[in-house]
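Reader: I would like to learn how to read charged side chains and surface patches in a structure. Could we go through some cases one at a time?

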Amino acid sequence: MPTLLLVRHGRSTANTAGILAGWTPGVELDDTGRAQAAALAGRLAPVPLVQAVSSPLERCRQTLEPLLAARPELAGPERGGAAPGEPALDERLGECHYGEWTGRPLAELAKEPLWRTVQDHAAAAAFPGGESLRELSHRTVGAVREWNEKIAAEHGEDAVWIACSHGDVIKAVVADALGLHLDHFQRINVDPCSVTAIRYTARRPFVLRMGDTGDLASLAPRPAAHPGQAGPSGDAVVGGSTGAA
């Protein structure tokens, strides 16, 4: 099945202010975040992409703007966007609904009893007036797998697509791909505007990159016989990857 490039949005005004933004409207990229978004388009230049999908929140849509300006064929009504230059929007890839925690300073939230549950026993964490992390994992993993099937049917098994989302969303999808219990998802780190690549196969997912902020050229599809690359069966190469180009 296709390869998914999960991009966390660039640094936002809420990130710099230490606020848990959630679904608060009007949270945009700061100057650093805009620069990160501009650089992302160049980092992805060698990688053939067939589709761009985004959380509906502003900071994610802004992160994809430079990429879609350079590659308008990835967006627009024919790709599920509302208008030319717009990516397909999927609310299931939106931020966690933090309920009463939304908009509060992280330093203040760290004093709440629930904070320790979120850190140490995420599968039991439910935000007051919001959703649980189990619900977050269910909706986001379901969305990714549904998009994978659609893209494979339209563009083939070797297609590469991109989705811009949020930290907890990406961590939940990675935990599923790695077979990690949700309680361990806080062990995963994804920085702003980092790229996490997951190659889905009929047998298992392969996590190719996690929280990568550097060069992405090697994510371009290569022949399945290439050393270190999983074949069509989804079997891993014995002995690991050679790292050869």
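**Charged pairs and a nonpolar patch**

Author: At 47% relative accessibility, Glu146 is classed as partly exposed. Keep in mind that this is a predicted model.

Reader: Which residue forms a salt bridge with Glu146?

Author: A salt bridge here needs a side-chain nitrogen of Lys or Arg within 4 Å of a carboxyl oxygen of Asp or Glu. Arg92 meets that condition with Glu146, their closest N and O atoms being 3.1 Å apart. The pair links distant parts of the chain, 54 residues apart: Arg92 sits in the loop between strand 3 (88-89) and helix 4 (106-109), and Glu146 in helix 6 (residues 133-155). Arg92 is partly exposed, with a relative accessible area of 27%.

Reader: How many salt bridges are there in the whole structure?

Author: A search finds 14. Another of them joins the side chains of Asp158 and Arg199, at 3.3 Å from N to O. This pair also links distant parts of the chain, 41 residues apart, with Asp158 in the loop between helix 6 and strand 4 (160-165) and Arg199 in strand 5.

Reader: Is Asp158 buried or exposed?

Author: Buried means under 20% relative accessible area and exposed means over 50%. Asp158, at 51%, is therefore exposed, whereas Arg199, at 18%, is buried.

Reader: Where does Arg209 find its partner?

Author: The side chain of Arg209 meets that of Asp212 in a salt bridge of 2.7 Å, N to O. Arg209 counts as buried at 17% relative accessibility, and Asp212 is buried as well, at 18%.

Reader: Which residues form the nonpolar patch on the surface?

Author: Leu178, Leu180 and Met210 form the patch, with about 230 Å² of accessible area together. Residues join a patch only with over 30% relative accessible area. Leu180 is partly exposed at 33%, and lies in the loop between helix 7 (167-178) and strand 5 (195-200).

Note on methods:
Residues are numbered from 1 along each chain as its sequence is written. This is a predicted model: local features need pLDDT of at least 70, side-chain atom pairs count only at pLDDT 80 or more; totals for chains, interfaces and linings use all residues. Side-chain values use heavy atoms; hydrogens and water are left out. Patches are made of residues with over 30% relative accessible area and no salt bridge: like charges are joined within 9 Å, nonpolar side chains (Val, Leu, Ile, Met, Phe, Trp, Tyr) within 5 Å. Accessible areas come from the Shrake-Rupley method with a 1.4 Å probe; for residues, only the protein chains shown count as cover. Helices (H or I, at least four residues) and strands (E, at least two) are DSSP runs, numbered from the N terminus. Buried means under 20% relative accessible area, exposed over 50%, partly exposed in between (1.4 Å probe, protein chains only).
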